[in-house]
Amino acid sequence: MDRASVMRRRSLARRAVDPSSPVWRMDGVLLVAVAALCVIGTMLVWSSTRTWAPGATGLVKKHLLNVAIGAALLSAAAMVDHRWLRIYAPIIYLVTLGGLVLVITPVGSTINGSHSWIVLGGGFAVQPSEFAKVGLVLLLAMLLAQPVEGTGRPRGLDVVFALLATGIAVGLVLLQPDLGTAMVLVVITMGALVIGGVRKRLVVLLALAALAAAAAVWFLDLLEPYQVQRFTAFLTPSTDPRGVGYNSTQALIAIGSGEIFGKGLFEGGQTTGRFVPEQHTDFIFTVAGEEFGFLGSVTVVALLGVVLLRGVRIAQQCEDRFGTLVAGTLVCWLGFQTFVNIGMTVGMMPITGLPLPFVSYGGTATFANMMAIGLLQAIHIRERPY
Amino acid sequence: MASMRARLVVLQILVISLLAVLAVRLWQVQVMRGPEFVEAATETRTRAVVVPAVRGQILDSAGRPLVRNRTALVVSVDRTRLVRLNDRGEAVLRRLSAVLKEPVAHLRQRLRSCGPGVTRPCWPGSPYQPIPIHDDVSTRQALQILERQEEFPGVTAEIQAVREYPWGSSAAQVLGYLQPITQQELDRRKGLGKGAFSGVDVMGRDGLESVYDEALRGTPGLRRVAVDRLGKAIGVEQQVAPVPGDTLITSIDAKVQHIVERALADAMKSAPRADGAAGVVLDPRNGRVLALASAPSYNPAIWTGGISEKEYTALLSGSKGKPLVSRAIKGEFAPGSTFKISSVAAMLRDGYPLNGKYDCPGSFMVGNRPFNNFRGIGLGVLTLHTALVKSCDTIFYRAAYEQWQRDGGIKPKPTAKEPMAAMARAFGFGTRTGIDLPGESSGRIPGRAWKEELWTATKDTSCKRAKTGYPEVEKESPSRAAFLKRLAYENCLEGNQWRAGDAANFSIGQGDVLVTPLQLASAYAALVTDGQVRSPRVGWALMRPDGKLVRRIEPPVRGKLPLSRKERVYIKNALSEVPSDGTAAGAFGGWPMDQVRIGGKTGTAEVYGKEDTAWFASFAPTNNPKFVVVVMISQGGMGGSSAAPAVRKIYEGIFGLGAQPAAPAQPGAAPVPARAALPDRRPATRLPLIKPDGTVGE
C-alpha cells in the first residue's frame with residue numbers, strides 16, 4: 001500500500017494533528033505575517049465600523065467569521081497536492097467562470113453600484129469575480145507549465161488558449177462592470193506569461209495590445225462616467241475636492257494627519273467622523289494611517305512585503321514548473337492589488353475598487369486571498385516532487 | 001527552470017521596489033506633510049461654535065435690575081443652508097410655519113436682509129449668521145425641530161439669553177437697545193477667528209447698552225465641535241468658557257425714575273397741547289444722574305426678536321412723539337426765565353452791584369422797540385433777589401442792552417466782551433455735558449460770531465426769498481407770507497448783525513438760545529453746590545457678576561463757575577423763595593417747607609407758532625441741596641402751572657410727602673400709599689452689595 005492511499009484512509013483531522021503531517025511543514029513566516037495582517041485588519045474594521053454599524057463592535061464579528069472561514073479554506077488548500085489541482089484546473093476555471101455568468105443573470109445583485117454579487121441570504125453574499133482570480137491563476141499555470149521540449153517556452157497554442165481564457169474572464173468581469181478586478185486579471189495573465197517564459201517580443205506586443213484596447217475602451221465611451229471621472233480626478237485631485245476628488249482628498253487627509261505615531265486606535269477623528277467613504281473596505285488603509293501613524297502604516301506595508309517575498313521564495317524553491325507558475329502568479333496578483341490599493345489612498349494611483357489583501361472587510365475577497373495563501377503553502381509543502 | 005528563477009528575481013526586485021515606493025510616499029505624506037494634513041483634518045472635522053457670553057445686567061443704585069436676562073428658546077434659521085436646498089428651503093419654511101404657528105410669509109420676511117426698499121421686519125445682521133426668527137418657543141416646539149433635523153435642515157433651537165426689562169418702558173431711552181451685529185461691524189471685530197459667527201452677536205445701539213457695550217458684552221467662549229461628514233456634532237474637542245459681561249450699576253434709582261415718568265405723564269395729560277416732556281434728577285454734589293426721563297416712551301422689549309415695520313415707524317414718527325428720542329439729552333429748547341441764573345451771574349461779573357437796586361418797569365425800550373415784562377406789569381424798584389423771585393424781565397433787558405451798547409452795538413468793537421454769552425458758556429450751555437449716553441445735543445448759545453456764520457450760510461436763500469416771496473404759503477395765509485418775506489429781506493440785508501433785540505431776548509433765555517434739560521440741570525447743580533460744573537454720569541460702577549468691583553465711574557469736573565461763594569449763595573437764596581413766595585408759589589401751595597425747603601426757577605419760553613415751553617428747574621433741600629430736579633414740558637404752557645406741579649410730584653415721591661402714591665416696590669405690583677422712594681432723603685451713598693452668587697444683598 002503506497003503512502004498516499006494510507007493517508008487517504010485516515011480522516012482529515014487525524015492527518016492534521018499527526019506530527020509528520022504536512023501541516024507542520026507550512027511556511028511559518030508566511031502564516032505569521034498573514035495572521036498579523038488579519039489581526040490588524042480586524043482592529044481597523046472595528047474602528048471604522050463601530051460608529052455606524054449595529055452593535056458595539058461594528059462589523060468585527062462578521063469579519064472574524066470571514067477570517068475563520070478563510071483560515072479553514074487556507075488549511076484545506078494547503079492540504080491539497082497542487083499537482084492534483086493541475087489536473088482539475090480547467091474544471092475549477094470553468095466553475096468560477098460559471099459564477100461570473102451567474103452574476104450577469106438575474107441571480108446577480110447590485111451592491112454599491114457594481115453588479116458583482118450573488119446574495120446567499122442571511123446577510124451573506126459572494127463576489128464570484130474574486131474566485132475567478134484563483135481559477136484563472138490555476139488555469140494559466142496549467143496551460144503554460146508544459147514547455148516546448150528544450151526551450152523552456154510555452155507552446156504557442158497554449159498561449160492562445162491562455163489569452164482566450166483571460167479574454168472571456170475579463171469580458172465577463174467588465175460586464176458587471178468591475179474595472180479593478182479586470183485589471184487584476186490582466187495583470188495575472190501578464191505575470192503568468194512573463195514567468196512562464198513567453199518571448200519578450202510577445203509580451204511587449206501584448207502589452208501594446210492591452211494599451212490599445214484600453215485606448216479603444218476610452219475613446220469608444222465604453223466606460224461608465226464615474227470611472228472616467230475617477231481617473232481624471234486622480235490626475236488633478238484638487239479641481240473638485242467636494243466631488244469625485246473627495247475620496248482621494250479625504251484619504252490623504254486621514255493618512256497624513258496620523259503623522260508619525262498616529263492618533264491611537266479609535267482616536268482618529270477623520271475615521272470617527274466617517275469622512276473617507278468605503279473606509280472599512282477599499283479605504284481601510286486610511287484607518288491604519290490615521291490611527292497607527294507612519295509606523296503603523298509602514299508595518300502593514302512591511303507585513304504585506306513579507307507575504308509577497310515569501311511567495312516569491314516559495315516560487316523559487318518549487319521544483320516543478322506548475323507550482324512555480326502558480327506561486328509567482330499569485331504574487332503578481334496580491335502585489336498588484338496591494339500596490340494599487342495603498343497607492344490610491346496616498347494619491348499615487350487612480351481610485352479603483354480593489355480591497356487591500358487580508359486587511360479589508362469583505363468575505364469573498366478574504367476567502368480568495370486566504371485560498372491563495374493556502375495554495376502557496378501547498379506548493380511550499382510539496383516543493384520537491386516525490 | 002533556471003531562466004524561470006531569473007524572472008522570479010525580477011519579480012522579487014519589482015515587489016521590493018514598489019513597496020519601497022509606498023514606504024517613501026507614506027514618509028512624505030505622514031511625516032513631511034503631516035502637520036499640513038493635521039490642519040486640514042481639523043478644518044474638515046470640526047466646527048467652531050461661538051458660545052455667547054451672558055451680557056451683563058444693568059442695575060439701579062439699589063441693585064434692582066433695570067435690564068436683566070431671561071433664558072429663552074430661540075429658533076434660528078441658517079439661510080445659507082436653506083438656499084442650497086433644491087426648493088430653496090420652501091418646504092422647510094412650510095414645516096416650520098406649521099410648528100411655530102406663524103404664516104410662511106412672516107417667516108420669509110424675517111429672513112430678508114435689511115436694505116434700501118426693504119420694510120421691516122428684516123434681518124439687519126450679517127447674512128452669514130443664523131437668523132433668529134422666533135425668540136420664545138415652547139420646549140415642545142423646540143423638540144419638534146431638534147428631533148427631526150432631517151426635516152429642518154439649517155434650523156436650530158437653542159437656549160439664549162434675551163434682554164428683559166422688568167420696569168417696562170421705564171428709562172427706555174437711557175437703557176438703549178440691542179441689535180444684531182452687521183457684517184461690517186463683524187469684519188471690524190477681529191480676534192474671534194474667521195468662521196466664528198454667531199446668530200446671537202448683538203451690539204448695543206443706543207443708551208447705556210451702546211456706551212458700555214464693551215464691558216457688558218463679556219468675552220464669548222469658543223467650542224470646537226467635532227462633526228461627521230454630514231455635519232452632525234459627535235463630540236466637543238475644545239472648549240473655552242465664555243466670560244460673562246460686567247454688571248453695570250447705575251446711579252438711576254428705579255423708584256425715582258418711575259416717579260418722574262409718572263409725573264411727566266400726568267403733566268402731559270393736564271396740558272392739552274403738550275407733545276413731549278423731559279425730567280432730570282441729579283445729585284448736584286457729584287453729578288450722578290438719579291433719573292433721566294423722556295416722554296413719550298416705549299418698551300424696549302419690542303427690539304428683541306425683530307421689530308416690525310409698524311413698531312419701527314412708530315418709534316421715529318413725529319405724530320407719535322418720537323418715543324425713541326431722549327428729550328432730556330437730545331431735545332433743544334429755549335430755557336426761558338430758568339436761564340436768568342446765568343444772566344444774573346453775567347451782570348455781577350460785568351460789575352453790576354450784588355446789593356444794588358434795579359428798576360423793573362412794565363416795559364423797556366430796546367432801541368426803538370418796547371420789550372415788555374410778563375403781562376406788561378411793572379414791579380417797581382427791586383433787588384436782584386426779588387427780580388429772580390418775581391421773574392422780572394426788564395432789568396435783564398436793560399442790562400443786556402447796556403452790555404450790547406458797550407460792545408459797540410451794531411458795529412461791534414473787536415474786543416466785544418459779550419458777558420452774557422460768556423457766562424452761559426461757563427455754566428456749560430452751548431456744549432455737550434459729556435454724559436455717558438450717546439447722541440447728546442449741545443444746545444446753542446448765540447452771539448455775534450454765531451450770527452455772522454449763520455448769515456454766511458443762509459444769505460443766498462434769504463436774498464432770493466426776499467425777491468420771490470413765499471407764493472406757496474401765500475395761498476393759505478397771505479399775512480404769514482408777507483411776514484416771512486419781510487424776515488427774509490431783513491436777514492438778507494442785515495442778518496449778520498447782532499442786534500439789541502437779540503441781546504435782550506438772550507438775557508431771558510429767549511430768541512436763539514437753546515438748552516437741553518440735562519444742561520440746565522447740570523448748571524443748577526453747579527450753582528447750588530460748590531460751583532463745579534460736572535459732566536453727569538449715569539453709570540456708577542462696573543462689577544463682575546460675582547460682585548467684584550471692576551471700576552467706579554466718577555463724573556468728571558468740566559468747568560468752574562466764575563462766581564464767588566457769596567454770589568452763588570445769594571442767587572441760591574433768591575431761588576429758594578420762588579416756590580414759597582414767587583412764580584411757583586401756586587404749585588407748591590401747602591408744601592411742608594419746614595420739613596424740606598425747595599428752591600427753583602420757573603421758565604416759560606415762547607416758541608413761534610407753538611404753545612410755550614414750560615420749565616421748572618429746582619433743588620432741595622435748599623440749605624444743602626442733594627437733589628436737582630428739572631422738568632420741561634414741550635408746549636406745556638406756563639412753567640409755574642405746568643412744569644412746577646410735576647416737579648412737586650417728584651419731590652413728594654422722593655420724600656414721601658403729600659398724598660402721592662409711591663412707586664410700586666416690584667414691577668407690576670400695585671402702587672402702595674405714600675412712602676418715600678428715598679426714606680433717607682438723600683441719594684444712595686454706597687454701591688449695592690452683590691454677593692458672589694450674583695444676588696443683591698442687603
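Does A:Phe266, with 15 C-beta neighbours inside 10 Å, count as buried, exposed or partly exposed, and which class applies? A:Phe266 counts as partly exposed, because 15 C-beta neighbours lie inside 10 Å; a residue is buried if 20 or more other C-beta atoms lie within 10 Å of its own, exposed if 12 or fewer, and partly exposed in between, with C-beta atoms placed from the backbone. The structure is a predicted model, in which local features need pLDDT of at least 70 and side-chain atom pairs count only at pLDDT 80 or more, whereas totals for chains, interfaces and linings use all residues. Residues are numbered from 1 along each chain as its sequence is written, and chains are lettered from A and ligands numbered from 1 in the order in which they are written.

A:Phe266 is found in the loop between H11 and H12 of chain A; helices (H or I, at least four residues) and strands (E, at least two) are DSSP runs, numbered from the N terminus. The phi angle of A:Phe266 is near 70°, a positive value in a residue other than glycine. A:Glu259 is found in the loop between helix H11 (246–256) and helix H12 (269–272) of chain A, and phi of A:Glu259, likewise not a glycine, is positive, near 50°. A:Glu259 counts as buried because 21 C-beta neighbours lie inside 10 Å.

Elsewhere in chain A, helix H8 (residues 179–196) contains A:Leu193. This leucine, A:Leu193, is classed as buried because it has 23 C-beta neighbours inside 10 Å. When neighbours within four places in sequence are left aside, A:Leu193 is in contact with A:Val198, A:Val203 and A:Leu206; contact requires that the C-beta atoms of two residues, placed from the backbone, lie within 7 Å. A:Leu163 is 30 residues away from A:Leu193 along the chain, and their C-alpha atoms are separated by 9.5 Å.

Between the chains, 33 residues of chain B are in contact with 40 residues of chain A. On the side of chain B that touches chain A, at least two residues each come from helix H1 (2–32), helix H2 (34–45) and strand S8 (221–227) of chain B. H1(B) supplies the largest share of that side, 18 residues. The residues on the side of chain B that touches chain A comprise 20 nonpolar, 5 polar and 8 charged; Ala, Val, Leu, Ile, Met, Phe, Trp, Tyr, Cys and Pro count as nonpolar, Asp, Glu, Lys and Arg as charged, and the others, Gly among them, as polar.

Chain B also contains an open sheet of 5 strands in the order S12-S11-S23-S22-S21, with antiparallel pairing; two strands pair if DSSP finds at least two bridges between them. Strand S12 (288–295) and strand S21 (599–607) of chain B are the edge strands, each pairing on one side only. From one strand to the next, the twist averages 10°; axes are lines fitted to C-alpha atoms, for helices over the stretch in contact, and angles run from 0 to 180 degrees between N-to-C directions. Strand S11 (residues 276–283) and strand S23 (residues 627–634) of chain B run antiparallel and are joined by 7 bridges. In S23(B), B:Ile633 stands opposite B:Ala277. Helix H22 (residues 517–528) of chain B packs on the sheet, where it touches S11, strand S22 (610–620) and S23 of chain B, and its direction makes about 150° with that of S23(B). H25(B) also packs on the sheet, touching S11, S21, S22 and S23 of chain B, with a direction at about 35° to that of S22(B).

Helix H11 (residues 254–270) of chain B packs with helix H25 (residues 639–655) of chain B at an angle of about 150°, their axes being 9 Å apart. H11(B) is therefore roughly antiparallel to H25(B); angles under 35 degrees count as roughly parallel, over 145 as roughly antiparallel, 65 to 115 as roughly perpendicular and the rest as oblique. The residues of H11(B) that meet H25(B) include B:Val256, B:Ile259 and B:Asp266, and those on the H25(B) side include B:Pro645, B:Lys649 and B:Ile654. This contact of H11(B) with H25(B) has 11 nonpolar, 2 polar and 2 charged residues.

One joins B:Ala295 and B:Pro296, with omega about 0°, and B:Pro296 lies in the loop between S12 and helix H12 (309–316) of chain B. Another joins B:Ala620 and B:Pro621, with omega about -15°, and B:Pro621 is found in the loop between S22 and S23 of chain B.
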